[in-house]
Amino acid sequence: MTGLTVILLLVVLATAVATGARRWRLPAPSLLVIAGLVVGLIPWVPEVRLPPHVISVLVLPPLLYASAGEISVRDLRSVWRPVTGLVFGLVLASAVAVGYVAQAITPLTTATAFILGAVLASTDPVAVTALGRRLSLPARVQAMVQAESLFNDATSLVLYKVAVATAVSGTAITVSGTVEQFLILAGGGALIGAAVAAVVALIRRRTEEPVLETVIALVTPYASYVIAEDSHASGVTAVIVSGVVLGSTGHKLSNAPIRLQIHAVYDTVTFLLESVVFALIGLELPSAVRHLAHDEHGWPLWVPVIAFTVLAIRLLWIFPLSALIQYRHKEGDSRLSWRVPAVLSWAGTRGVMPLAAALSIPLVTHTGAPLPHRALILTLTTGTIALTVVFQGFTLAPVVRRSGIALEPEHTAREEARTRRHIAHTALEELKQLGDLDELAELGTAAEAALKQARRDLEARIHQAEDAHYSDPDARPADAYREIRRTLIGIEAAELQRLYEANTISNATRRRIQRELDLEEASLRARD
């Protein structure tokens, strides 16, 4: 059996496991890591060596782009203060803590232990987003979890590059050099990501070809990553910034059928890549273990210690930070809640990003000698990722339920019903004014009947929203009705966006109702 055959079979297995996980409402990343680990332990399965570019160039950009597109600029503005403390302080504290512990209990040198700390310092946006989709977290908590996992990569990447440079060349670490490198990586990546987003937005506004727009959407994350990396900036940051910008403006760049097609394609790509990459994490662990030296076989004991260190330093950082924020917000109220910091602490899983970084560690030093303990770093990284994804993945939902902060389905349904009722009332008020407009004259004698039909349809929608029921509208063959209904959908979409920008509804509600409006508009266009 060749390595290519193993990969193809792994794709089939990963797809089946991920599909079953969705059906059984289990954490798909956790099951996929276990499945990959089981496959890797089978004696007759050949070793699969992953080149670094497979993860960092081919897999990461679209997954990061999709994760970034799920968070809005409005939500980012509301959580930037606590996220800043996590992105900088917690990443640095985690890298130092893991480095010290690894140096104390493993054969790693100071430089290589610091590499391990930098690799495991940040949470992973792909794992966090994949696990978070199953949970009904409040908008602010969801935004904090996603924003931290998205933007802490720039900090950990700088630490990683500094650590690798120290281990490979033996140069000393300087504060000024580290700050300069951070500004180049993070600042340059952000600028390039924003520039790519601006160019893509300009192109998509002038394009109405579905296939072309879909191709542009698929190419965008790769273009952001490659341009940034070739400019010696952070490709990860560039992809994230372009994803956030285009995700927040995507409803303005194309019509409903094209948006639906792009979402369908990206959902398929994301599902496939996530399924395979988490299975590859489990598959990589047995492969890494086979390359360990004689004095490195204590890894089964070292991995839990390092994973515990990662979690402990996160708890020790988040709880005091949360207490300080709550204390200042409540102006001295001593009743501090443990619920949000507990969920934030437990949501800090590691995943694809650390694996990509570990695979990118150089093989040799500047003298040409093999980099010491590279296999051990990869083993400890993969083991820690697998342990956190499996353990925290299976226990995150119970922690969220125990905390009591999860939104009840009734809460989400009520918000969506209120929003549907409001935008339908707005469209109905606009409809009452359409009867006097000269623009309806071109619709002919059918205009009056179409207005009555549209009014009945809107009134039915209002009653359905009040009863929290859903039903498919009847097909309306009249051209006049379709023209009026498209106008009203535009009014409803504009009012929906206004409610979101006024911070009246959540981003999740906006996205769901916008999708419903897109589906109806696409259906109307298909009948033309």
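**Salt bridges, a helix pair and a buried serine**

Mentor: In this predicted model, Glu148 forms a salt bridge with Arg314, and the closest N and O atoms of the two are 2.8 Å apart. The pair links distant parts of the chain, since Glu148 sits in helix α7 and Arg314 in helix α12 (residues 299-329), 166 residues apart.

Trainee: Why is the contact of Glu148 with Arg314 called a salt bridge?

Mentor: The term asks for a side-chain nitrogen of Lys or Arg within 4 Å of a carboxyl oxygen of Asp or Glu; the closest N and O atoms of Arg314 and Glu148 are 2.8 Å apart, so the pair meets that cut-off. Glu148 is buried, and Arg314 is buried as well.

Trainee: How many salt bridges does this rule give?

Mentor: The count comes to six. Among them is the pair of Arg259 and Asp518, whose closest N and O atoms are 2.5 Å apart. Because Arg259 lies in helix α11 (residues 256-289) and Asp518 in helix α19 (residues 507-526), this pair ties together parts that are 259 residues apart in sequence. Both Arg259 and Asp518 are buried. Another salt bridge joins Asp75 with Arg74, with the closest N and O atoms 3.3 Å apart, and both of these residues are buried too.

Trainee: What makes helix α7 roughly antiparallel to helix α10?

Mentor: The axes of α7 (residues 139-169) and α10 (residues 235-253) come within 9 Å and cross at roughly 155°. Angles over 145 degrees count as roughly antiparallel, and therefore α7 is described as roughly antiparallel to α10. The crossing in which α7 passes α10 is left-handed.

Trainee: Which residues of α7 and α10 meet?

Mentor: Leu150, Phe151, Asp153 and Ala154 in α7 meet Val236, Thr237, Ile240 and Val244 in α10. Sorted by class, the contact of α7 with α10 has six nonpolar residues, one polar residue and one charged residue.

Trainee: How do you know that Ser94 is buried?

Mentor: Ser94 has a relative accessible area of 1%, and buried means under 20%, so Ser94 falls on the buried side of that cut-off. Ser94 has its place in helix α4 (residues 73-105).

Trainee: Which residues does Ser94 touch, not counting residues up to four places away in sequence?

Mentor: With those neighbours in sequence left out, Ser94 touches Ala121, Ile313 and Arg350.

Notes. Residues numbered from 1 in each chain as written. Predicted model: local features only at pLDDT ≥ 70, side-chain atom pairs only at ≥ 80, totals over all residues. Heavy atoms only, no water. Axes fitted to C-alpha atoms, helices over the stretch in contact; angles between N-to-C directions. Helix = DSSP H or I, 4+ residues; strand = E, 2+ residues; numbered from the N terminus. Parallel < 35°, antiparallel > 145°, perpendicular 65-115°, else oblique. Left-handed = near helix turned anticlockwise from the far one by under 90°. Contact = heavy atoms within 4.5 Å. Nonpolar A, V, L, I, M, F, W, Y, C, P; charged D, E, K, R; others polar. Buried < 20%, exposed > 50% of the residue type's maximum accessible area, 1.4 Å probe, protein only.
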